[in-house]
Amino acid sequence: MSAVASPEPAVRAKKKLLRRRRPDRSQALRRIVQCLFAALNVWIGVEFYLFVRHYETGGTSLYVPRPPGVEGWLPIASLMNLKYWLETGEVPAIHPAGMFLLVAFLAISWLLRKSFCSWLCPIGALSEALWRAGRSIFGRNFRLPRWLDFPLRSVKYVLLGLFLYAIGTMSAPAIRAFMESPYGLIADVKMLNFFRYLSVTAAVTLGVLAVASVLLQNFWCRYLCPYGALLGLLSRFSPAYVRREPHLCIDCAKCAQACPSWLPVDQLVSVRSEECIGCMACVAACPAEGALYLSLPRRRRLPAWALAAGIAAIFFAVVSYARWAGYWRTDLPSQVYFELIPRAHEFSHP
Ligand code: SF4
Ligand code: SF4
C-alpha cells in the first residue's frame, strides 16, 4: 500500500499548476438546456391534461390537440414499437412519436455518451435538484459502501433485462394487438392517471425515492432506471469520452469529487464507464488548463457548446424527419377517445 502511495507527493510536488485561462461555463449551459427541456415537458403535460379533460367531460371543456411528444413518457411502448419496426419494416401507427424519440435518445447516447441523462431527462434534472437540496441541508451527500453500491447498481440492468426479455419474446402481431387494444390505445392516458390518482403504495414509493434522492446523488438513475441502463450500455461504444492529460494534471482530485457518478476521474486517462452521464461537471471543476476535457477520437476537444449543439441537432433531426414523413402523430378518430378516455380505469394491462 505504502509502496504505491509514496511516489504521489513527489510527483505532485513536481507539477506546476497552469491555471485555466477562461472560466468554464458548461454547467450554466447544461442547466439552461435542462430547464428548456423540462419546460417543454411541462407544456406537453398541460396540453395533454387539457386534451384528456376534453374527452372526460364529454367535449364540454376546451379542446386542445393531443401533443405527440407525450409518448416520450411511454418507454416500454416505444421499445415494443421499435422492435415492431425493425421486424416488419413498417412504422407503427399507434404511438410512433415515442419510438422516434427513443431512437433520438439512443443516437445521442451512442454518439455523445449518456448525455441524455444529464442534459435532457426531466427525471435526471429533478434528481439533480434533489441531491443539490440535500447537499445544502446536510452539507454533503452520502455514499453507500461499495459492498452495497455494486449489487444495487445491477438492479437497473436486471430490470432492463426483464423488459428486453418480455419484449423480445413478443411477436410483431402480438405487439400490434397490444397497441390496438383499448389499454394500448390510451396507454398515455393511463400513465397520466397514474400520477393524477396516486395509490397509497405509489405515493409511499415515490416518497421513499424522493428522500433517497435527497441523500444520495442520482439515486434513481444510479440504481433503478432501466432506460438509463440501456443508454449506458450503448454509450460504451461512444466516440466521445472524458480525457485526462496526466502531464497537465496536478492530481488535486477535484474532478473525482465533482463527479455525480462517483467515477475516479483523477486516476483514469479516459473515462469510458457506462455510468458517465456526460455532464462535464468534472471538466468544470478542473483548475488546470487543458488537463481534462471531453474528447473525440484523436484527442479532438468537444466543448460544452458543441455537445449541446450535437444533442439538439440529433433531437431536432429525428423529430423533423418523423414530422416530415407523416409518422409523428397517432391518428385516431375522436370517437375512439370519447369512448375510451372516460372509461380508462376499466382497462388494465392485457
Ligand atoms: S466523469 Fe465527468 S462527465 Fe462523466 S459523469 Fe463524472 S463528472 Fe460527469
Ligand atoms: S481536477 Fe482532476 S484532471 Fe484536473 S488537475 Fe485535478 S485531478 Fe487533474
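Which residues are the closest to ligand 2? Select ligand 2 and the residues around it: 15 residues surround this ligand, and the closest are Cys 249, Cys 252, Cys 255, Asp 266 and Cys 286. A residue counts as near a molecule or strand if its C-beta atom, placed from the backbone, lies within 6 Å of it. The model is predicted, so local features need pLDDT of at least 70 and side-chain atom pairs count only at pLDDT 80 or more, while totals for chains, interfaces and linings use all residues. Residues are numbered from 1 along each chain as its sequence is written, and chains are lettered from A and ligands numbered from 1 in the order in which they are written.

**The two ligands**

Colour the shell of ligand 2 by residue type: eleven residues are nonpolar, none is polar and four are charged. Here Ala, Val, Leu, Ile, Met, Phe, Trp, Tyr, Cys and Pro count as nonpolar, Asp, Glu, Lys and Arg as charged, and the others, Gly among them, as polar.

Next, select ligand 1. Of the 15 residues around ligand 1, those that come nearest are Cys 259, Cys 276, Cys 279, Ala 281 and Cys 282. The shell of ligand 1 holds 13 nonpolar residues, two polar ones and no charged ones.

**The sheet**

Now display the strands. Helices (H or I, at least four residues) and strands (E, at least two) are DSSP runs, numbered from the N terminus. Two strands pair if DSSP finds at least two bridges between them. Four strands form an open sheet in the order S2-S1-S3-S4, with antiparallel pairing. Its edge strands are S2 (270-271) and S4, each of which pairs on one side only.

Select strand S1 (residues 241-244) and strand S3 (residues 292-296): these run antiparallel and are joined by four bridges. The bridge partner of Val 242 in S3 is Leu 294, and that of Arg 243 is Tyr 293. On the way to S2, Arg 243 stands opposite Ser 270; two bridges join S1 to S2.

Both faces of S1 are covered, with Tyr 241 and Arg 243 buried on one side and Val 242 and Arg 244 buried on the other. A residue is buried if 20 or more other C-beta atoms lie within 10 Å of its own, exposed if 12 or fewer, and partly exposed in between. In a regular strand the side chains alternate between the two faces of the sheet.

Move on to S4 (residues 300-301), which pairs with S3 in the antiparallel sense over two bridges. Ser 295 stands opposite Arg 301 in S4. The hairpin of S3 and S4 has three residues between the strands, and Arg 298 takes a positive phi near 60° there.

**The nonpolar cores**

Select Phe 116, Val 242 and Cys 282, which touch the most other members of the largest nonpolar core, a set of 67 residues. The largest share of this core, eight residues, comes from helix H5 (residues 96-111). A nonpolar core is a set of buried Ala, Val, Leu, Ile, Met, Phe, Trp, Tyr and Cys residues joined through C-beta atoms within 7 Å.

What does Phe 116 touch, not counting residues up to four places away in sequence? Its contacts are Phe 105, Ile 108, Ser 109, Cys 121 and Leu 231. Two residues are in contact if their C-beta atoms, placed from the backbone, lie within 7 Å.

Select helix H15 (residues 226-235). Eight of its ten residues are buried, so H15 is largely enclosed by the rest of the structure. Among the elements covering the buried residues of H15 are H4, H5, H6 (115-120), H9 (155-168) and H14 (219-224).

In helix H10 (residues 172-180), select the buried residues Ile 175, Arg 176 and Met 179. Seen down the axis of H10, these fall within an arc of 100°, so they line one face of the helix. The arc is that of the directions from the helix axis to the C-beta atoms. The buried residues of H10 pack against helix H4 (75-88) and helix H11 (182-185).

**A last stop**

Finish at Asn 218, in the loop between helix H13 (200-215) and H14. Asn 218 is buried, with 25 other C-beta atoms within 10 Å.
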